[in-house]
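Q: Can we go through this one together? I have the sequence and the model open.

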Amino acid sequence: VDVVMPCGLVTLLTDFGTADPFAGIMKGVMLGIHPTLRVVDLTHAVPAQQVLAGALLLRSAVSFFPPGTIHVAVVDPGVGSSRAPIVIETEHALLIGPDNGLLSPAAALLRPRSRRRLENVDLFRHPVSRTFHGRDIFAPVAAHLARGVALTEVGPVIGSHTELQIPRARRTGTRLIGEVLHVDGFGNLVTNLDAEELSTFSARPVSVSILGTRVAGPVTAYATVPEGIPLSIIGSWDLLEIAVRNGSAAARFGAGPGTQVTVEELQD
Amino acid sequence: VDVVMPCGLVTLLTDFGTADPFAGIMKGVMLGIHPTLRVVDLTHAVPAQQVLAGALLLRSAVSFFPPGTIHVAVVDPGVGSSRAPIVIETEHALLIGPDNGLLSPAAALLRPRSRRRLENVDLFRHPVSRTFHGRDIFAPVAAHLARGVALTEVGPVIGSHTELQIPRARRTGTRLIGEVLHVDGFGNLVTNLDAEELSTFSARPVSVSILGTRVAGPVTAYATVPEGIPLSIIGSWDLLEIAVRNGSAAARFGAGPGTQVTVEELQD
Amino acid sequence: VDVVMPCGLVTLLTDFGTADPFAGIMKGVMLGIHPTLRVVDLTHAVPAQQVLAGALLLRSAVSFFPPGTIHVAVVDPGVGSSRAPIVIETEHALLIGPDNGLLSPAAALLRPRSRRRLENVDLFRHPVSRTFHGRDIFAPVAAHLARGVALTEVGPVIGSHTELQIPRARRTGTRLIGEVLHVDGFGNLVTNLDAEELSTFSARPVSVSILGTRVAGPVTAYATVPEGIPLSIIGSWDLLEIAVRNGSAAARFGAGPGTQVTVEELQD
């Protein structure tokens, strides 16, 4: 009764790049099934085969789309093996892709309700290749669902989906120790320290450090520091980011995923 | 009475890149407000924080869109500071973005009529972040306007907008001295010498030089010179370009924005 | 009577890149003519001026789009010269672009019926530039056709179009010798050895070699070999590809278009 109604909108997130027409081909397959479907690209530049990076990028985007959006994500090193193709129904959206953890952070954010294994071959494109399930399984199933095929038609309910482990921050006394999860296109370092965690961590002002260097902030806007100065800020993902105003923090610190970031209570 | 009626089309121009889903997120926000909105990407590869480059690229595109198009541009090093978010109404289109000069060359081309400061928070996405006004202010206001919200609703009229200074060519006797404004994706050097200026400059044939080297033309087509030969041509922006047939003029001459280009009357 | 009816969908394939707004401008021109047109990007990253690469990428995509799709392709080193702008009608789609061979492999795949030279200037954008026929000829003609203008209106029938020569595999005794046609975004090497040719070549198992190194397979899935191991597989284009699981075969072998690939019958 309380099922998410597809709103006719599909997003795509892949590691296919944009030099080859793979994403365009997925759209061609979908528009052949559902001619008035609207399709939005999230990104096709997930680093090749990096499921964690894809999962974080997907999670960063899904809550900004209208209810009933269908998100198709394909970062799929196991394509052609026994990993299952799945759909996860959440309170806000449907998530479609390989069951390798890619969908799990977004599903957790949107509150999962049920998962199904994609088994109804009537909804696939044929012949189904061994190398391009984005074209042959994920895209056509998404288009059929967007057009009104019932979720119960795609395949049987399964009890769980693969969960991806995202490194969590840990607290030791007056310190909160996190790490860089993702480097965005500006060279900003997105950490696993979220706004809520920081706000409950300390009633005192805090200092933020990366690789032994203290940075400004947390500030409320890039423009509060001069150009070239490293700073920390709660970014658009609601996570603490290390940035350099009008520069690249990744280049400045030689930092990337896994680099430790420390938040410490300031003593009087 | 003579107001531009939005035609349901929004374009996006940003320096966000396409590795992160920022542009997709802006589309998600807009489609949540106006489900049948059409969105066209101009580019998301404006060099980071380079307002002049973004302004020139925006100006190069706006006149090819139908009347009532809403152009959203975000190259915004001052995000979170006091720079105003604005909309400029022109005779042909609406331009939305930060008031840092980014919109001014396009506005001048399309003849500005009025400007307003975006102040009606009912049209924003909440909470409004300090770092991503593209998502929280510019995109939702554009979608509301495209859906039919009156321009008078967005905020109060302001008297002027920030004007960007574009270097102008200067004339000294039989010489017209300009400079490279932009390097396009082929390595063509787009100058500030426009077709009209050239046609009124001299009744005689002219020679075109860059960094002391005379190039062929102005020619009427790339194919009029052999491969690898540098040439000058009135390009698709109606500006003089220095190009190398099937090559990169930027690489050949080591040239870029600011490099001087000289046009001289040929003597008998 | 048996004419392909345009379905309101246009695709774009160019070598324009996505740093400049050229593709967006083509969309603006088309949406000015046909406001509800749907446009899908195949790719704008064809290597500059490389007609063969563009032709192969176009051919790889067209059969996945619904009947009546109009494919606009622009890799056009001869723009402004005497090369003709054409439309090729096939049993499945319309192909629009310069008559330099770019359209011919896709046309052959989709079975050509007729070709016309684009001569009706009423369907062009004016003034027609010498450098950007994508904007001034190909895009507007495509939009008019998608909106319902009859194919007979665009210009006179011509007897043939320029055919591109694609290198073909050759057989010598127990060997089939082909070559790399294309390197995709993962570094996979797409060859000119197609699935049908391989299946008819030998009743025995075969071995596949590149630059003197035998690779695994042909396998049925990447996941059948360990990470980092080179393999051969029938890819999504129905062509034999040399790949490295979770790596780049192009980098591993220093291979690219033209590199020889040999398939040999295994002896007892």
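This is a predicted model: local features need pLDDT of at least 70, side-chain atom pairs count only at pLDDT 80 or more; totals for chains, interfaces and linings use all residues.

Q: What rotation puts chain C on chain A?
A: A rotation of 120°, with 0.0 Å of shift along its axis, superposes chain C on chain A with an RMSD of 0.1 Å. The two copies are thus related as by a three-fold rotation axis. The superposition is by least squares on the C-alpha atoms of residues with pLDDT of at least 70 in both copies.

Q: Which C-alpha of chain C is nearest the axis?
A: That of C:Arg38, 5.2 Å from the axis.

Q: New topic. How many salt bridges over all chains?
A: The count is 27, taking a salt bridge as a side-chain nitrogen of Lys or Arg within 4 Å of a carboxyl oxygen of Asp or Glu.

Q: What does B:Glu91 pair with?
A: B:Arg111, with the closest N and O atoms 3.2 Å apart. B:Glu91 is in the loop between β4 and β5 of chain B and B:Arg111 in the loop between α3 and β6, so the pair ties together parts 20 residues apart in sequence. Helices (H or I, at least four residues) and strands (E, at least two) are DSSP runs, numbered from the N terminus.

Q: And C:Glu89, buried or exposed?
A: C:Glu89 is buried, at 8% relative accessible area; buried means under 20%, exposed over 50%, partly exposed in between (1.4 Å probe, protein chains only).

Definitions and conventions:
Residues are numbered from 1 along each chain as its sequence is written. Chains are lettered from A and ligands numbered from 1 in the order in which they are written. Side-chain values use heavy atoms; hydrogens and water are left out.
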